[in-house]
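Here are some notes to read with the model open beside you.

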Amino acid sequence: MDAIVEAAAGQFELNEDQRAIQEMAQSFAADKVTPHALDWDRDAHFPADVIRETGPLGFGGIYVSDDVGGSALGRLDAVLIFEALAYACPGFSSFISIHNMAAWMIDMFGNDAQRQKFLPRLCSMELLASYCLTEPGSGSDAAALKTRAARAGGNGSDYVLNGTKQFISGAGGNDLYVVMARTGEDGPKGVSTFVVEKDTPGLSFGNDERKMGWHMQETRQVVFEDCKVPAENLLSGEGAGFKIAMAGLDGGRLNIAACSLGGAQAAHDKALAYAGERKAFGKTLDQFQALQFKLADMETELSAARLMLYAAASRLDRKTHDASKWSAMAKRFVTDAGFEIANDALQIHGGYGYLHEYGVEKLVRDLRVHQILEGTNEIMRVIIARHLVGR
């Protein structure tokens with residue numbers, strides 16, 4: 001009921017500043033990303049130069065404080081940006097989302113020295129960042145991670161990390177890695193967070209994974225073998241890591257939902273245009289009632305997804321008691337709806353939808369992983385249920 005009341009009250013009517021942010025992101029995406037997205041996908045090319053061009057627009061630290069070069073925007077502002085970028089390429093948008101999540105963790109949980117050291121260059125996109133939580137043996141059960149960090153050096157001035165992280169976007173090419181590692185007991189209370197710089201001895205990377213989608217960004221293992229990290233790179237002290245990881249994921253889930261929404265809108269628009277051009281049995285496809293109903297359902301799902309996402313972002317901005325539940329609900333609903341809309345768009349295109357040049361099959365492939373990352377949609381249901389019936 002709250003979401004209905006807010007929407008009816010004009011809660012999500014964008015103000016002038018938000019429209020300007022949205023239009024800036026849309027213009028950049030149309031000029032710099034859309035013309036090249038299919039080539040990047042085909043060639044598995046990472047467009048580092050175009051990624052870095054988003055820095056001057058303020059997209060390197062969207063909700064990072066302005067004293068270190070961030071844009072200091074809200075979560076609703078952020079989803080507008082990611083939605084707009086994903087309309088051109090979900091893989092491109094999701095990469096920038098992950099970078100922002102890592103930067104926000106340093107801003108929110110780092111001390112002033114850490115913030116001043118890392119964030120100005122992250123916000124400018126001079127440095128690119130990865131988020132390292134998942135491991136080969138711990139995905140949904142994140143608290144079971146095995147990567148370990150032990151005190152070493154004179155007076156414990158360093159930590160030595162050993163372990164492996166799995167499915168890390170930007171691994172190998174990025175400059176900073178926000179890493180969750182175990183410094184204490186089993187379970188969430190024993191996890192800590194470190195910022196690891198790329199050229200640290202003992203840090204290495206696996207082979208680039210061959211994936212179903214997101215071809216334009218690298219995905220590798222991040223391997224720590226007696227990797228010595230200065231104690232000054234520990235965020236918020238020992239034992240705070242799981243709290244940091246979970247706090248980051250609330251926003252990350254909204255971001256990846258926004259990436260699904262933008263990609264789904266692109267798929268819907270392609271399907272609508274195709275249905276108005278393609279003829280069968282003497283009339284265009286959009287004259288057949290069955291297809292009209294399909295397009296109407298796609299439009300309805302898009303609108304419902306957008307309302308839920310904006311409601312969840314508003315709650316996170318306002319730090320309401322149920323913001324985590326709404327982040328989980330939005331992630332589950334929007335990413336499921338986004339994939340189904342893209343898949344329906346492919347079906348409307350028939351055999352042409354299966355061809356790379358039409359761009360629809362790429363959207364299907366790119367959006368499928370959104371139902372898995374930032375917490376699988378099954379885990380989203382666990383989170384929602386816990387809020388409903390208690391832990």
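**Notes on rings, cores and a helix**

1. Tyr274, Tyr352 and Tyr358 are linked into a cluster by ring pairs. Here rings of Phe, Tyr and Trp (its six-membered ring) pair if their centres lie within 6.5 Å; planes under 30 degrees apart are stacked, over 60 edge-to-face, and the rest tilted.

2. A word on the source: this is a predicted model, in which local features need pLDDT of at least 70 and side-chain atom pairs count only at pLDDT 80 or more, while totals for chains, interfaces and linings use all residues. Residues are numbered from 1 along each chain as its sequence is written, and side-chain values use heavy atoms, with hydrogens and water left out.

3. By the ring rule there are 7 aromatic pairs. One of them joins phenylalanine 46 and phenylalanine 95, tilted, with 4.9 Å between centres and 55 degrees between the planes. The two are 49 residues apart: phenylalanine 46 is in the loop between helix H3 (37-43) and helix H4 (48-53), and phenylalanine 95 is in helix H6 (residues 90-109). Helices are DSSP runs (H or I, at least four residues) numbered from the N terminus. Phenylalanine 95 is buried at 2% relative accessible area, whereas phenylalanine 46 is partly exposed at 24%; buried means under 20%, exposed over 50%, and partly exposed in between (1.4 Å probe, protein chains only).

4. Two arginines are worth a look. The charged end of arginine 75 sits over the ring of tryptophan 104, 5.0 Å from its centre, and arginine 368 lies over the face of phenylalanine 339, at 5.7 Å from the ring centre. The rule asks for NZ of Lys or CZ of Arg within 6 Å of the ring centre and within 35 degrees of the ring normal.

5. In the largest nonpolar core, of 105 residues, Phe92, Leu122, Tyr131, Met180 and Leu309 touch the most other members. Its largest share, 15 residues, comes from H8. A nonpolar core is a set of buried Ala, Val, Leu, Ile, Met, Phe, Trp, Tyr and Cys residues joined through side-chain atoms within 4.5 Å.

6. Which residues of H12 are buried? They are Asn377, Met380, Ile383 and Ile384. Exposed Glu378 and Val389 are on the face turned away from the buried side.
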